[in-house]
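Here's a walk through one model, from the overall build down to a single helix and then out to the neighbouring chain. Have the viewer open as you read.

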Amino acid sequence: MPTQKTIAATGNTVVAEAMRQCAPDMMAAYPITPQTTIVEEFAGFVAKGRVHTEYITVESEHSAMSACVGASAAGARVMTATSSQGLALMWEELHIASGMRLPIVMANANRALSAPINIHCDHSDIMGARDTGWITLFAETAQEAYDNTIMAIRIAEHPDVLLPTMSCLDGFITTHSIDRVCIMDDESVAGFVGEYTPQNALLDIENPVTHGSFAGLGGPFFEFKKSQRMAIERSRAVINEVGAEFSELSGRPFGMVETWGMEDADVAVVVIGSTAGNVRHVARRMRESGIKAGVVKIRCFRPFPYAELAEALSGVKAVAVMDRAESFGAEGGPLFLEVRSALYDAAERVPVINYIYGLGGSDVRLELIETVLNDLSEIAVGAQAPTGLVYLGSR
Amino acid sequence: MSKWDISGLNEWKSDEFPLGAVIPESGNSRDYVTGGWRSQRPERNDATCTQCLICWIMCPDSAVNTEDEKVTTFNLRHCKGCGVCANQCPVDAITMVPEGCDLPEVK
């Protein structure tokens, strides 16, 4: 079993620590609030010789991900981090990384996208990148951000998968708040992630290969996209296997879907990221006044755990889906669309209400979450569900 | 490493292609037939041709075949029918003729 020590640290500090322990061969990064301290602290590790990583400072996130793609194609284990506008600027390379099947691991500090300018948390950055072919894990706490970063390496580099993987943590709330985190010893993490054996490395001069080939003009582009779909479907089993193995090692649970109080819940809230803790807190309080509330937290958004979610929600009478991102003009936020789809085949259709909350770091007070659970408990016994989405706490 | 057989490429299924569209062999573009775009092909008149080899020098696709330093035929698996050879020929020994639907040497 690993030696673990408990420290007080920010989410960003422990993500940088996890990256050091995973010992990437290369990192190309550009600073952006609220991710900056991840790559800043990692640069410190490189400067002090605590990790032997080729650290490349670049002029933009477009260049950062381009350099990561090149290094990964060359055969390196590659990690980086970004946020918000930076992730948006990487957009074309995100598709290239997944299309070239490069197992790059990136941390993303979830932050709103301009305009108006804002630096605080919401999920509009990552939800904008949800269709880029990256496996996407979400953390509620600094601990989960640490754990997800380590697991991401194993998931991405698994021979059945070979897809880039993103590990998301909520900007400022998780990246900058000091939290209690258990850190494993270096040897245990090194043993868990193992050595990376690249396939088709450009620097393997004995076996020359071409990367970045053309598949248009009637070529097999369509077939390559299908193979990406097949790989991300295979990743479901790998994510659960790696999660189980990591749980065994760390003593901490992992599930693509994690539930609280769902055994006998009448009403449930589906949520992603740091707000899950607040929702659990409120649900626990509401149970004292007789409302059987449950919480379903999504820890893996791509691939989306449809079957697990449908099973977790079977038997409830009303569901609230909390989206920290908009999909303007859609019937609801990105998570709402997924959850409703997951429930389409359920034996009994129950009301599913979409709450858009916390955009641009807008405060999610406990009283607001109480209104969600109060609404749900009334809808569960026949009250009219609101038509359309609800902007929670917006004027 | 043995030669990579791509003859069945147009029938391969999604899981039969190399990972991430990698080409796992160098120098194999000669095996990949690219002449299918062609709408016209060059024909050479051996009686007029002076064997100056200007067409061989100018062809952007290296699709002029030679033997013993003399032009023999055109490689119609790769010729795109651009007409540079005919245009550059100082004695007008090359004529571009329209292709039908079934291009010779193109699968």
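What follows is a short tour of this predicted model.

## Overall build of chain A

Let's start with the whole chain. Chain A has 13 helices and 15 strands. Its radius of gyration is 21 Å, close to the 21 Å that the globule rule gives for 395 residues, so chain A is as compact as a globular protein of that length. Along the principal axes, the C-alpha trace of chain A spans about 70 × 55 × 45 Å.

On the inside, 53% of the 395 residues in chain A count as buried. As for contacts in chain A between residues at least 6 apart in sequence, 81% of them join residues at least 24 apart.

## The six-stranded sheet

One open sheet in chain A is built from six strands, running in the order 9-11-10-13-14-15 with mixed pairing. Its edges are strand 9 (257-260) and strand 15 (390-391) of chain A, each of which pairs on one side only. Helix 10 (residues 275-288) of chain A packs on this sheet, where it touches strand 9, strand 10 (267-271), strand 11 (293-298) and strand 13 (318-323) of chain A. The direction of helix 10 makes about 170 degrees with that of strand 11 of chain A.

Now for the strand 15 end. Strand 14 (residues 352-356) of chain A pairs with strand 15 of chain A in the parallel sense, over two bridges. Look there for A:Ile356, which stands opposite A:Tyr391 in strand 15 of chain A.

## Helix 8 and its two sides

Which residues of helix 8 (residues 186-193) of chain A are buried? They are A:Val189, A:Phe192 and A:Val193. Seen down the axis of helix 8 of chain A, the buried residues fall within an arc of 90 degrees, so they line one face of the helix. Over on the other side of helix 8 of chain A, A:Glu187 and A:Gly191 are exposed.

The cover over the buried residues of helix 8 of chain A includes helix 1 (11-22), helix 7 (142-157), strand 8 (178-184) and helix 9 (221-250) of chain A. After helix 8 of chain A comes A:Gly194, with a positive phi near 70 degrees.

## Where chain A meets chain B

The contact draws on 19 residues from chain A and twelve residues from chain B. Helix 9 of chain A gives the largest share of the chain A side that touches chain B, with five residues. By class, that side of chain A has eight nonpolar, eight polar and three charged residues.

Key. Residues are numbered from 1 along each chain as its sequence is written. Chains are lettered from A and ligands numbered from 1 in the order in which they are written. This is a predicted model: local features need pLDDT of at least 70, side-chain atom pairs count only at pLDDT 80 or more; totals for chains, interfaces and linings use all residues. A residue is buried if 20 or more other C-beta atoms lie within 10 Å of its own, exposed if 12 or fewer, and partly exposed in between; C-beta atoms are placed from the backbone. Helices (H or I, at least four residues) and strands (E, at least two) are DSSP runs, numbered from the N terminus. The arc is that of the directions from the helix axis to the C-beta atoms. Two residues are in contact if their C-beta atoms, placed from the backbone, lie within 7 Å. Ala, Val, Leu, Ile, Met, Phe, Trp, Tyr, Cys and Pro count as nonpolar, Asp, Glu, Lys and Arg as charged, and the others, Gly among them, as polar. Two strands pair if DSSP finds at least two bridges between them. Axes are lines fitted to C-alpha atoms, for helices over the stretch in contact, and angles run from 0 to 180 degrees between N-to-C directions. The radius of gyration is taken over C-alpha atoms; the globule rule is 2.2 Å times the number of residues to the power 0.38.
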